[in-house]
Amino acid sequence: MIESYFREHITRLVPYSTARDEYKGPPGTFLDANENPFGNGLNRYPDPRQTALRETIAQLKGVHSSKVFVSSGSDEVIDLLIRLFCEPRKDKVLILPPTYGMYAVAASVHNVDVEEIVLGADFQPDVERIIQSGAKILFLCSPNNPTGNLMSREYVETILQQFGGMVVVDEAYVDFSPEGSFLPLLESFPQLIVMQTFSKAFGLAAARVGMAFAAPAVIKALDTIKLPYNLGNPSAKAALAALSRREQVLRKVEKIIRYRDQLASQLIELHCVVRVYPSDANFLLVQFVDASAVFTHLLNHGIIVRDRSRQPLLEGCLRISIGTGKENKKLLNVLKMIG
């Protein structure tokens, strides 16, 4: 049973019950939650389970709503998963640098050790070493941030079959990839958790809406330990509105992919560029002759990118997000000043 992976005390935890949890009927006269009765659109507490949003996501993704969790960004999911599965000073999480930094930060906040196994030269996981790890959670980012590549489906399936802990696949950038999600594997592997977000393809970074897909027992446990009202109504409504404009979102994604491929082909022509890595995300990892000088030069012209050159395997690399056509043109013009 998947519950055997949980921290023991959480299996006995009685969750906080909100006023909205205790009433399941039609809209009524709510005098239960000490709210301001004079309406301004934001005076009532939101649905603590985000029922409408979860059901809409479930329909879109082809999963049952009992396997859907909605969060305040993916970072909340990362934090909750470590709370759910890892005993401080006892368990550890496994990360695969170079990768998203919040996995390690969240573990450290909870006083949980972090084991690192650096990706291979092709930015793929070292399957044998991962399987041998005794970590409680593996965080696997695909497409990976900051390298932009997908993780091999064959490798991930082997890990799911043989790794002894939970496997969290972070798919923040999956909408920019033609290969599709690992979601179909949920039926075969109850230890799999898939994270996605509204921050990237849906353009709702400021709204902070994340998603997690997992076995119903995991979702129930996340609902037990989350804050009572972890997602406000404005954010939930923004997510629902974005889902209703799915075709518009897809058109914007297609435009970003087109801009990404155009920018990649233009960057490689510059003398200051050594390599542009293939990307299945909405950014490019670019190796420069002198990354530090390029980073400073761009800053001096009001262009902010991410310096990833201190991460393993990424010497001389900057990560560049795909902007509008005007922003990409400005980037190229400024870089051409270097050569």
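**View 1. Arg7 and Glu87 form a salt bridge.** In this predicted model, their closest N and O atoms are 3.6 Å apart. The pair links distant parts of the chain, 80 residues apart. Arg7 sits in the segment before α1 (19–22). Glu87 sits in the loop between α3 (73–85) and β2 (92–95). Arg7 is buried, at 15% relative accessible area. Glu87 counts as partly exposed, at 25%.

View 2. Glu187 lies in the loop between β5 (166–170) and β6 (192–197), and Lys67 in the loop between α2 (51–61) and β1 (68–71), so the pair ties together parts 120 residues apart in sequence. Glu187 is exposed, with 61% relative accessibility. Lys67 is buried, with 15%.

View 3. Asp91 belongs to the loop between α3 and β2, and Lys136 to the loop between α5 (127–132) and β4 (137–141). The two parts tied together are 45 residues apart in sequence. Both Asp91 and Lys136 are buried.

**View 4. Four strands form an open antiparallel sheet.** The order is β8-β9-β11-β10. β8 (273–276) and β10 (306–307) stand at the edges; each has a single partner strand, so one side of each lacks a neighbour in the sheet.

**View 5. β8 pairs with β9 (residues 283–288) in the antiparallel sense.** The pairing runs over 3 bridges. Val276 stands opposite Val286 in β9. Helix α9 (residues 246–267) lies across β8 and β9, at about 10° to β9.

How values were computed
Residues numbered from 1 in each chain as written. Predicted model: local features only at pLDDT ≥ 70, side-chain atom pairs only at ≥ 80, totals over all residues. Heavy atoms only, no water. Pairing = 2+ DSSP bridges. Contact = heavy atoms within 4.5 Å. Axes fitted to C-alpha atoms, helices over the stretch in contact; angles between N-to-C directions. Salt bridge = Lys/Arg side-chain N within 4 Å of Asp/Glu carboxyl O. Buried < 20%, exposed > 50% of the residue type's maximum accessible area, 1.4 Å probe, protein only.
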